[in-house]
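Please look over the sequence and the model below before reading on.

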Amino acid sequence: MATLKKFLSIFIIYIALMLGLVNSQGLEVGYYKKTCPNVEAIVKKAVAGSVSRDTTLAAPLLRMHFHDCFVRGCDGSVLLNSTKSNQAEKDAIANLSLRGFQVIDAAKSALEKQCPGTVSCADIVALAARDAVSLINGPTWKVQLGRRDGRVSIMSEATTKLPTPFDNFTTLKTTFGGLGLSVKDLVVLSGGHTIGVSHCFSFSGRLYNFTGKGDMDPNMDKNYIAQLKTKCKPNDVTTTVQMDPGSSTKFDTDYYTLVSKRRGLFVSDATLLTDKQTRAYVLGQLNSGSTFFKDFGVSMVNMGKIGVLTGKSGEIRKQCAFIN
């Protein structure tokens with residue numbers, strides 16, 4: 001009988017792994033079902049309340065999860081404030097435009113009242129990203145939970161580890177691959193650029209001085225360059241433009257249409273047309289058979305597994321901006 005019970009336990013775990021409900025890092029769909037059963041409803045309420053008032057918040061909430069996972073893994077370190085002795089990730093140039101920290105804090109405050117010391121800030125960030133996307137007509141997906149919060153956040157690591165708008169395909173492939181993400185994950189997650197805005201300095205080199213000779217990027221549509229020049233002047237560090245003009249607060253497949261027409265803002269967008277696999281994916285999203293919404297959920301789950309702390313590692317912060 002004991003042998004049978006052991007076999008059944010192993011079999012159940014195996015089935016859960018195959019269904020994606022549990023993964024080898026210890027994350028699990030429904031992780032808080034006994035300790036904080038209303039966690040997802042509480043986070044969604046906080047996100048919905050904010051995004052309904054300001055739909056532009058959806059993009060930075062999604063971006064926050066990206067930036068958290070790509071530096072030290074999905075451990076909530078992007079939320080930590082700097083101290084007198086240490087500058088945190090939040091203060092890196094790439095993170096200065098992040099917004100929505102108040103949404104995470106509101107969710108955490110509500111969770112601490114109902115389930116004190118139980119839900120990590122890292123898990124709140126993962127849930128908030130999913131909810132933000134779904135609230136602006138995007139897909140939804142099951143978020144595996146069980147992450148714990150990291151105690152370290154270093155500005156210089158964010159500076160060196162985050163992908164940049166200037167990266168070519170080789171650099172992107174190396175960065176994503178080093179974190180266990182595939183080329184498909186790369187091109188799918190790039191589709192997150194269908195929402196949000198960018199500062200001119202992230203792409204102005206393509207307009208005015210691509211090779212250092214006062215030239216334009218030949219891989220960008222000339223008519224689009226002319227349009228962008230009316231908004232972005234040389235050395236402009238304050239102006240922002242929509243990454244997906246006309247629908248920057250609606251999650252859709254328009255990003256891939258723009259890239260296919262050589263109208264992606266960044267070098268990192270344009271470079272998707274230089275690789276056979278990513279180019280095929282971009283072009284494959286232009287018709288009614290687009291798989292982007294389904295793929296995006298899968299790739300977000302994959303990203304959410306990067307470098308997670310589970311078990312007794314890390315901590316459950318009482319306030320997301322400070323270690324305990």
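**Overall fold and interior**

The protein chain has 324 residues, for which a compact globule would have a radius of gyration near 20 Å; the chain has 21 Å, which agrees. The radius is taken over C-alpha atoms, and the globule rule is 2.2 Å times the number of residues to the power 0.38. This is a predicted model, in which local features need pLDDT of at least 70 and side-chain atom pairs count only at pLDDT 80 or more, while totals for chains, interfaces and linings use all residues. Residues are numbered from 1 along each chain as its sequence is written, and side-chain values use heavy atoms, with hydrogens and water left out.

Along the principal axes, the C-alpha atoms of the protein chain fill a box of roughly 75 × 45 × 35 Å. The chain contains 14 helices and 2 strands; these are DSSP runs numbered from the N terminus, with helices (H or I) of at least four residues and strands (E) of at least two. Of the contacts in the chain with a separation of 6 or more, 74% are between residues 24 or more positions apart, where contact means heavy atoms within 4.5 Å.

The surface comes next. The protein chain exposes about 15,700 Å², and carbon and sulfur atoms supply 56% of this area; accessible areas come from the Shrake-Rupley method with a 1.4 Å probe, and for residues only the protein chains shown count as cover. Of the 324 residues, 48% count as buried. Buried means under 20% relative accessible area, exposed means over 50%, and partly exposed lies in between (1.4 Å probe, protein chains only).

In soluble globular proteins, nonpolar side chains tend to be buried together. Here the largest nonpolar core has 71 residues, and Val43, Leu62, Leu79, Ile104, Phe296 and Met300 touch the most other members. Helix 5 (residues 121-134) gives the largest share of this core, 9 residues. A second, separate core of 12 residues includes Cys200, Phe203, Met220 and Leu265. A nonpolar core is a set of buried Ala, Val, Leu, Ile, Met, Phe, Trp, Tyr and Cys residues joined through side-chain atoms within 4.5 Å.

Leu62 lies in helix 3 (residues 58-69) and is buried, with a relative accessible area of 3%. Leaving aside neighbours within four places in sequence, Leu62 is in contact with Ala129, Val133, Gly192, Ile195, Phe251, Phe296 and Met300. Leu62 and Gly192 are 130 residues apart along the chain, yet their C-alpha atoms are separated by 7.9 Å. With neighbours within four places again left out, the contacts of Phe296 include Leu62, Val133, Trp141, Val188 and Gly192.

Ser50 is a buried residue of another kind, with a relative accessible area of 10%. Ser50 is found in helix 2 (residues 39-53) and touches Leu57 and Val103, not counting residues up to four places away in sequence.

Two loop residues remain. Most residues other than glycine have a negative phi. Asn235, however, has a positive phi near 65 degrees; it sits in the loop between helix 10 (222-231) and strand 2 (240-242) and counts as exposed, because its relative accessibility is 73%. Arg262 also has a positive phi, near 60 degrees. Arg262 is placed in the loop between helix 11 (254-260) and helix 12 (267-270) and is partly exposed, with a relative accessible area of 35%.
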